[in-house]
Amino acid sequence: MLDPTTLFSYERDVDSRSLHASTLVVTLGSFVDSGRVQEKLDEFITDNYPNRIVGTFDSDQVIDYTAVRPPISLEQDHLTGYSSPALTLREVSPEGEAPFLLLSGPEPNFQWERVAHAVRIIVEQLGVTRTLVATSFPGATPHTRPVAVSRYAGDPKDLVLASPFPGTIEMRASFPALLIVRMAEAGHPIIGLAAHVPSYAHEIEYYPALPALFTALDIEGGPAFTPNKKLEEKIAEVREALDQSAAENEQLASLIKGFEDNYSRMDGMVQHLTPGADTPLPGAENLTTEVEDFLKEILDEPENTDEEGEDPGPDSIG
């Protein structure tokens, strides 16, 4: 492995010795990012809390530009506005609360092991004692019910509230998943939080998942976020659009009804969120099968899936 310390650099005006934060929140993109939840969480944090970039990774070494395709503008007869993809480390300073660190950007295409080692070094240098990785996945859950968040960790003892996936799901790895494995191997507490996004809302901006992640982050020892009026309006818009799509599409309505029935059989997945709930979830085996089948369909096919047989989706929302 090449020297991981040369992959990340602090900003020129930042003295790393003056940086101290006990919590690191990671929203680095995953190749799923169902409902664009990681992207929306990152935007909410950076738009609503004072923050500054304290360091960046060398994008030229870890990003495949032909895969990410950075934006650029053609203004009549000249090009302008090129914006390179960046993996950034920010210091976020909520008013009246302890600062925390935010690691965000696209998922690295290359050198995963080296990036993970560099993150470990950052954690050790800055005194981080808890890392929380926010993700999402498409599941057999309806938008008409509360969003569940499953929790997992390198060491389950680090979880404040256990809410595991119902069974074992085999899937292709993402960088955030590898990061959790490597950090745990090094003895650093790290928690994964996965919001359940309705499979038929996989490709839209699913804002309803954010408050659920806020609660999970708070419970697991991370920063406390409160939905603002703008977010509440976005959530209402998404739900209204999905309701309208279901009213106009019998196939989608039937799918949602099936998800609602399964949700009810599982007592609304409330046990996922209830401390001390040791009773197995009713219907867990059926849910595991549905989740496995859908994830295989999503993860094992090319991203551009306009083939027949795709789950009905609310095209008007996109």
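Mentor: We'll take the sheet, then the cores, then some helices. Keep in mind that this is a predicted model.

Trainee: Okay, the sheet. In what order do the strands sit?

Mentor: Eight strands form an open sheet, in the order β1-β3-β6-β7-β2-β8-β10-β9. The pairing is mixed. From one strand to the next, the twist averages 25°.

Trainee: Which strands stand at the edges?

Mentor: β1, residues 8-10, and β9. Each has a single partner strand, so one side of each has no neighbour in the sheet.

Trainee: What about β8? How many of its residues are buried?

Mentor: 10 of the 10. The strand covers residues 130-139, and it is largely enclosed by the rest of the structure because those residues are buried.

Trainee: Which residues sit on each side?

Mentor: R130, L132, A134, S136 and P138 are on one side. T131, V133, T135, F137 and G139 are on the other. Both faces are covered.

Trainee: And how does β8 pair with β2 and β10?

Mentor: β2, residues 23-26, runs parallel to β8, with four bridges joining them. L132 in β8 is the bridge partner of V25. β10, residues 190-198, also pairs with β8 in the parallel sense, over nine bridges. There, G139 has P198 as its bridge partner.

Trainee: Does β2 pair with β7 in parallel or antiparallel fashion?

Mentor: Parallel, with three bridges joining β2 to β7. L24 stands opposite L101 in β7.

Trainee: New topic: the largest nonpolar core. Which residues touch the most other members?

Mentor: L41, L193, Y200, Y206 and F225. That core has 42 residues. Among the elements giving two or more residues to it are α1, β8, β10 and α7. α6 gives the most, with seven residues.

Trainee: Pick L41. What does it touch?

Mentor: Leaving out residues up to four places away in sequence, L41 touches T27, A134, L210, L213, F214 and L217. There is also a second, separate core of 30 residues. L7, F8, L103 and V133 are included in that one.

Trainee: Let's go to α5. Which of its residues are buried?

Mentor: F175, P176, L178, L179, I180 and M183. The helix itself covers residues 175-185.

Trainee: And what covers them?

Mentor: The cover includes β2, α1, α4, β8, β9 and β10. α5 lies across β2, β8, β9 and β10. Its direction is at about 155° to β10. Just after α5, G187 takes a positive phi of about 85°.

Trainee: Last stop: I235. Where is it, and is it buried or exposed?

Mentor: I235 is in helix α7. It is buried, with a relative accessible area of 8%. The cut-off for buried is under 20%, so I235 qualifies.

Trainee: What does I235 touch?

Mentor: Y207, P208 and P211, not counting residues up to four places away in sequence. I235 and Y206 are 29 residues apart in sequence, yet 7.7 Å apart in space, C-alpha to C-alpha.

Trainee: Which residues does the UniProt "coiled-coil region" annotation cover?

Mentor: Residues 228-262, according to an unreviewed UniProt entry. In the model, that stretch is 94% helix and 0% strand. Its end C-alpha atoms are 32 Å apart.

Definitions and conventions. Residues numbered from 1 in each chain as written. Predicted model: local features only at pLDDT ≥ 70, side-chain atom pairs only at ≥ 80, totals over all residues. Heavy atoms only, no water. Buried < 20%, exposed > 50% of the residue type's maximum accessible area, 1.4 Å probe, protein only. Pairing = 2+ DSSP bridges. Core = buried A, V, L, I, M, F, W, Y, C linked by side-chain atoms within 4.5 Å. Contact = heavy atoms within 4.5 Å. UniProt positions renumbered as here; feature names shortened; annotations may be inferred. Axes fitted to C-alpha atoms, helices over the stretch in contact; angles between N-to-C directions.
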